[in-house]
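Please walk me through this structure, one part after another. I would like the cut-offs behind each term stated as the terms come up.

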Amino acid sequence: MNARELKTLQEIVDRSRRIVFFGGAGVSTASGIPDFRSAEGRFSEEEDGLSPEMILSRSFFYLQPERFFNYYRKHFLYPEAKPNAAHRKLFELEQADKLRGIVTQNVDGLHKTAGNIRVYELHGSVHENYCMDCNASYPMETILHSEGIPRCKDCGGVIKPNVTLYGEPLGKYVCIGAIREITNADTLIVAGTSLTVEPAASFISHFRGKHLVILNRDPIPAEEQAELVIRGDVAEIMDRIRG
Ligand SMILES: [Zn+2]
C-alpha cells in the first residue's frame, strides 16, 4: 500500500455511484477471526488429521454430528468479534449512497452488525440456526452454550447452523441478488479473498462496470483483469478511504 495507490483508490471511489464490495476472510481477520483456509488458519491437527474441509462437509455433519459441533463451536463462533475499520467504512459508504451492496463469503455476520442493509451472505451466517424438524430459529448463543449436538427446545430436533457446508449448494435467492448487484455495479472492489472457492469466484465474471479493484494481502490470479491492485490488510486500506 503506497500513497499513489491510495490516491487512485480514492479517485475511483469519488467517481463511483454504484460500488459493490465482494469480500472474503481477509475482511474479518482484523476482527480476530482467522482464515481457516490460509496456512496459519489451518487448525486440524487435533482432529486426527482431518482437514477443515472434511469436517465442515455435509456428509460429516450427518455422519458425525457431535464431532462436527465440537469443531464448529471451537473454530467458527467468535462472540467477542466486533466490526473493524473495513466494516465501518462500508457502512459509511452505504449511508452516503455510494455503496450498492456487499457480497460476502464470510459467515460471521459482521457487516450486518456494522449496520449495512444490503448484505448478501453467500455462505450463510452463524447467527441463523434452524431446527431441522420444526424449523424453529435459534441465535448463535444457543449453539455456543450447548454441549454435544444442539437440540430444539420444542421438539428435540437437531439445530443446524445456516452455514453452507462443503457439498451443499449456495442459497438460490442470495445468489440471484448478489449477481444482480455485481451486474449493475460501476465499481467492484474484491477484497480479502483469493477468489479460488467456486461457485462464488465465478460471480465476478458478471461485472460489466468500469473499475475492478483488488485489495488483498497476497497476489491472486484475477489481478490481471484489475485496474487497481493494492496489497495489504483490507481493514488498513479501507480505513484510508474518505467516504
Ligand atoms: Zn424443533
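Is Pro139 buried, partly exposed or exposed? Pro139 has a relative accessible area of 40% and is therefore partly exposed; buried means under 20% relative accessible area, exposed means over 50%, and partly exposed lies in between, with a 1.4 Å probe and protein chains only. The model is a predicted one, in which local features need pLDDT of at least 70 and side-chain atom pairs count only at pLDDT 80 or more, while totals for chains, interfaces and linings use all residues. Residues are numbered from 1 along each chain as its sequence is written, and side-chain values use heavy atoms, with hydrogens and water left out.

Pro139 sits in the loop between E5 and H7. Helices (H or I, at least four residues) and strands (E, at least two) are DSSP runs, numbered from the N terminus. Leaving aside neighbours within four places in sequence, Pro139 is in contact with His127 and Asn129, where contact means heavy atoms within 4.5 Å. Glu236 is 97 residues away from Pro139 in sequence, and the C-alpha to C-alpha distance is 31 Å.

Two strands pair if DSSP finds at least two bridges between them. Strand E4 (residues 124–131) is joined to E6 by five bridges in the antiparallel sense, and Gly124 stands opposite Val163 in E6.

Next comes the metal site. The zinc ion is coordinated at 2.3 Å by the SG atoms of Cys131, Cys134, Cys152 and Cys155. Donors are N, O and S atoms within 2.8 Å of the metal (3.2 Å for Na, K and Ca), and sites may look incomplete because water is not among the atoms. The angles among the four donor atoms of the zinc ion are 96 to 119 degrees, and the site is tetrahedral; four donors count as tetrahedral if all angles lie between 85 and 135 degrees. Along the chain, the donors follow the spacing C-x2-C-x17-C-x2-C. Cys134 lies in the loop between E4 and E5, and Cys155 in the loop between helix H7 (140–144) and E6, so this pair ties together parts that are 21 residues apart in sequence. Cys134 is partly exposed at 38% relative accessibility, and Cys155 is partly exposed at 40%. Cys175, by contrast, is buried, with a relative accessible area of 14%. A disulfide is a pair of cysteine sulfur atoms within 2.5 Å, and the count by this rule is zero.

Glu168 lies in the loop between E6 and helix H8 (172–184). With a relative accessible area of 17%, Glu168 is buried. Apart from neighbours within four places in sequence, Glu168 is in contact with Arg58, Lys160 and Val163. Glu168 and Ser59 are 109 residues apart along the chain, yet their C-alpha atoms are separated by 9.5 Å.

The other sheet to follow is open and parallel, with six strands in the order E3-E2-E1-E7-E8-E9. E3 and E9 stand at the edges with a single partner strand each, so one side of each has no neighbour in the sheet. From one strand to the next, the twist averages 15 degrees. Helix H8 packs on the sheet, touching E1, E2, E3 and E7, and its direction makes about 130 degrees with that of E3. Helix H1 (residues 3–15) lies across E1, strand E7 (187–191), E8 and E9, at about 130 degrees to E9.

Strand E2 (residues 99–104) is largely enclosed by the rest of the structure, because five of its six residues are buried. Strand E1 (residues 19–23) pairs with E2 in the parallel sense over five bridges; Ile19 stands opposite Leu99, and Phe22 opposite Val103. E2 is also joined to strand E3 (residues 119–121) by three bridges, running parallel, with Thr104 opposite Glu121.

Strand E9 (residues 228–231) has Leu228 and Ile230 on a covered face, and Val229 and Arg231 on an uncovered one.

Terms used: Four donors count as tetrahedral if all angles lie between 85 and 135 degrees; four count as square planar and six as octahedral if opposite donors are over 155 degrees apart and all others between 65 and 115; anything else is irregular. Axes are lines fitted to C-alpha atoms, for helices over the stretch in contact, and angles run from 0 to 180 degrees between N-to-C directions.
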